[in-house]
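Biologist: I have a model open and want to learn how to read it. Could you take me through it feature by feature?

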Amino acid sequence: MENEINQLVEKLQLQPHPEGGFFRETYRSDLYIPAPWEKDNASSRRSLCTAILFLITSGNFSAFHRIRSYECWHFYSGQPLLVHQLSPEGSYSCIRLGIRVQEGQVFQHVVPAGYWFASEVETESGFALVGCTVAPGFDFADFELAERNNLLQMYPEQGGLIERLTRI
């Protein structure tokens with residue numbers, strides 16, 4: 001399995017991602033829109049859309065974070081991927097990305113803007129190769145990595161999950 005993962009990282013030219021896993025941006029629109037959440041959005045632009053390939057391996061995780069845009073996840077290959085979501089209102093949901101729709105897995109899922117979310121491979125060994133399309137386009141200025149203690153105060157009932165899927 002490790003050989004297959006290394007081959008994917010090499011062939012797809014993936015780099016380590018700050019929240020965990022490996023990624024490569026594959027598309028960034030050359031069309032721009034004003035950032036809708038900025039007060040002075042005439043001077044703050046975002047690409048209309050961006051897309052990445054994202055590889056996450058068992059024993060690793062994409063740490064809880066949030067962005068200001070909508071993010072559509074697309075499943076491509078490997079083991080099912082769990083996408084854990086915490087809504088601004090306090091609810092928790094878990095989406096299983098994968099190919100077995102008869103088992104409740106989905107090929108695509110949109111994480112709403114402003115939700116805290118983290119992901120991990122469902123099985124103890126393997127990987128998940130997914131794509132993420134963000135609109136308005138991704139910008140690290142709109143990215144916030146969760147701080148464990150702050151998230152625990154906001155969602156105390158999800159303590160075990162937050163402890164496991166945060167880094168700071």
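**Charges, rings and strands**

Modeller: Start with a charge over a ring. Arg 167 lies over the face of Phe 61, at 3.9 Å from the ring centre. The rule: NZ of Lys or CZ of Arg is within 6 Å of the ring centre and within 35 degrees of the ring normal. This is a predicted model: local features need pLDDT of at least 70, side-chain atom pairs count only at pLDDT 80 or more, and totals for chains, interfaces and linings use all residues. Residues are numbered from 1 along each chain as its sequence is written, and side-chain values use heavy atoms, with hydrogens and water left out.

Biologist: Which ring has the charged end of Arg 45 over it?

Modeller: The ring of Tyr 32, with the charged end 3.9 Å from its centre.

Biologist: How do I read a pair of rings?

Modeller: A pair of aromatic rings is described by the distance of the centres and the angle of the planes. Rings of Phe, Tyr and Trp (its six-membered ring) pair if their centres lie within 6.5 Å; planes under 30 degrees apart count as stacked, over 60 as edge-to-face and the rest as tilted. The count here comes to 5 aromatic pairs. Take Trp 73 and Phe 117: their ring centres are 6.2 Å apart and their planes are at 85°, so the pair is edge-to-face.

Biologist: Where in the chain do Trp 73 and Phe 117 sit?

Modeller: Trp 73 is in strand β7 and Phe 117 in strand β11 (residues 116–121), 44 residues apart. Strands are DSSP runs of E, at least two residues; helices are runs of H or I, at least four; both are numbered from the N terminus.

Biologist: Is Trp 73 buried or exposed?

Modeller: Trp 73 is buried, with a relative accessible area of 1%. Buried means under 20%, exposed over 50%, partly exposed in between (1.4 Å probe, protein chains only). Phe 117 is buried too, at 1%.

Biologist: How are the strands arranged?

Modeller: Two strands pair if DSSP finds at least two bridges between them. Here 6 strands form an open sheet, in the order β1-β2-β5-β12-β7-β10, with antiparallel pairing. The edge strands, β1 (15–16) and β10 (108–111), each pair on one side only.

Biologist: How many bridges join β7 and β12?

Modeller: Strand β7 (residues 70–78) and strand β12 (residues 127–135) pair over 8 bridges. In β12, Thr 133 is the bridge partner of Cys 72.
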